[in-house]
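Here are my notes on this one, in the order I went through it. Have the viewer open while you read.

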Amino acid sequence: MNRVTGRLVDNLSDLEPVRADWDRLAIAVGQPYAAPAWMWPWWVHKAASDWLLRVVLVFDGDELIGVAPFFVDKNALGRPRFRLVGAVTTSRVDVLSASGRDREVARVVAEVLGASDPAPGTIRFDGIPARSTFPRLLADSWQGRAPQLSDRHSSPAPIVTLDADSFESWMASKSSNFRQQMRRHARKIAAEGGEFRLATVATLEDDLRSFARLHHQRWDRRGGSSVLDAGTVRMLTDAGNHLIPSGRFLLWMLDIDGRAVSSQIFLQAGRQISYWLGGFDDEVAHLKPSIITIYRVVEEAFGSGATAVELGSGGQPYKYRFADATESLRWTYLSFGPAERAVAAAEIAPMQMRGILAERLSADVKRKLRRAYGTVRRGV
């Protein structure tokens, strides 16, 4: 008798009984953005009223071995489009699967989604790690009308691997120039009265207001940022309240004379730490706050048992001062028909163009384009 079964859940209240097991699975496989404390607030505060929740739970007997947290919106043809919860806001969102159970989980998810209402026209994966086997396994497991799997875009994601015995050993492996620059910038910050700290539950709301101010201040002159709106701040508040007590929501603040001048968010699950978003005051750019924050995160990571610090999507040069590995994030989809395939390709095309421009244009030209884009968006 096959003990591996699946269940489709379409509301948060019915997920409550598996919340703790879901979280343990996210920790076990090191997926910070697949934790329920991150995904649930996203659904509450970011989902549109006409979107549908479709979470597939996979069990071996009573043991939860897989979570495929999808939601459904519509593509330009009005056909159902399945995406992973949180993927609109976050890269590295993937299906959760217990170690060694990927094929079984994919088979069950394919069975459940194939019989769901509505049935998918497209299943889209945004910024999924290239090492993920799930899209291919899902396509291969599908019964009936076979979907076509397509990759349309990829982005580099630098990673700091923490395979040294200690932070001191890790530093010793870096160049003397790197070590000197980190210590010099740290001394400059201290000389100007700067202090790093982590947000607590008590300081979270004030710190998130500073985080939003610094992020928008940083990006408004560069065309603006659509990531951080009021709904996202509410989502972060809920996520932080759940995850700060366990040390998994890391909102790093840099204060100078009692005023926040830099703010960066990292999440942790198990041995993985991932950078999400940040910002800083341009007046302190000479202090290299983003670089020194990463320096502090790496230092603290050795004490938390982490084996990697993922620095987010994009191959910015400052990340490679720390990173010793790169993983590709990919935008891929399963489409059930040529019309859906064409629409999905058109949806991802702007990302491809931005990626091409980011690789080929100089920093000065990119700054001018961002400013021009921001002017057009504001109607100035």
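1. Contact here means heavy atoms within 4.5 Å, and helices (H or I, at least four residues) and strands (E, at least two) are DSSP runs, numbered from the N terminus. With that in hand, look at where Arg-19, Trp-22 and Asp-23 of H1 meet Pro-36, Ala-37, Met-39 and Trp-40 of H2. By class, this contact has five nonpolar, no polar and two charged residues; Ala, Val, Leu, Ile, Met, Phe, Trp, Tyr, Cys and Pro count as nonpolar, Asp, Glu, Lys and Arg as charged, and the others, Gly among them, as polar.

2. Before going further, a word on provenance: this is a predicted model, where local features need pLDDT of at least 70 and side-chain atom pairs count only at pLDDT 80 or more, while totals for chains, interfaces and linings use all residues. Residues are numbered from 1 along each chain as its sequence is written, and side-chain values use heavy atoms, with hydrogens and water left out.

3. Back to the geometry of that first pair. Helix H1 (residues 19-29) packs against helix H2 (residues 36-46) at about 120 degrees, their axes 9 Å apart. Axes are lines fitted to C-alpha atoms, for helices over the stretch in contact, and angles run from 0 to 180 degrees between N-to-C directions. H1 and H2 are therefore oblique to each other (under 35 degrees is roughly parallel, over 145 roughly antiparallel, 65 to 115 roughly perpendicular, and the rest oblique).

4. The other helix pair I looked at is H3 (residues 102-114) with H4 (residues 134-141): the axes come within 8 Å and cross at roughly 55 degrees. That makes H3 oblique to H4. On the H3 side the contact is made by Asp-102, Arg-103, Val-105, Ala-106, Arg-107, Val-109 and Ala-110, and on the H4 side by Phe-134, Leu-137, Leu-138 and Ser-141. Sorted by class, that is seven nonpolar, one polar and three charged residues.

5. Now the rings. The structure holds 19 aromatic pairs (rings of Phe, Tyr and Trp, the last by its six-membered ring, pair if their centres lie within 6.5 Å; planes under 30 degrees apart count as stacked, over 60 as edge-to-face and the rest as tilted). One of them is Phe-167 with Tyr-295, edge-to-face at 5.6 Å centre to centre and 70 degrees between the planes. This pair links distant parts of the chain, 128 residues apart: Phe-167 sits in helix H5 (residues 167-173) and Tyr-295 in helix H9 (residues 289-304). Ring pairs also join Phe-167, Trp-170, Phe-178, Tyr-295, Phe-302 and Phe-322 into a cluster.

6. Leu-311, in the loop between strand S12 (308-310) and strand S13 (325-335), is buried at 1%. Not counting residues up to four places away in sequence, Leu-311 touches Pro-158, Val-160, Tyr-275, Ile-294, Lys-319 and Phe-322.

7. Do check Asp-207 in helix H7 (residues 204-219): this charged residue is buried at 4%. Leaving aside neighbours within four places, Asp-207 contacts Arg-197, Ala-199, Leu-251, Met-253 and Ser-263.

8. Lastly, Pro-338 in helix H10 (residues 338-360) counts as exposed at 61%. Pro-338 and Gln-148 are 190 residues apart in sequence and 9.0 Å apart in space, C-alpha to C-alpha.

Definitions and conventions
Buried means under 20% relative accessible area, exposed over 50%, partly exposed in between (1.4 Å probe, protein chains only).
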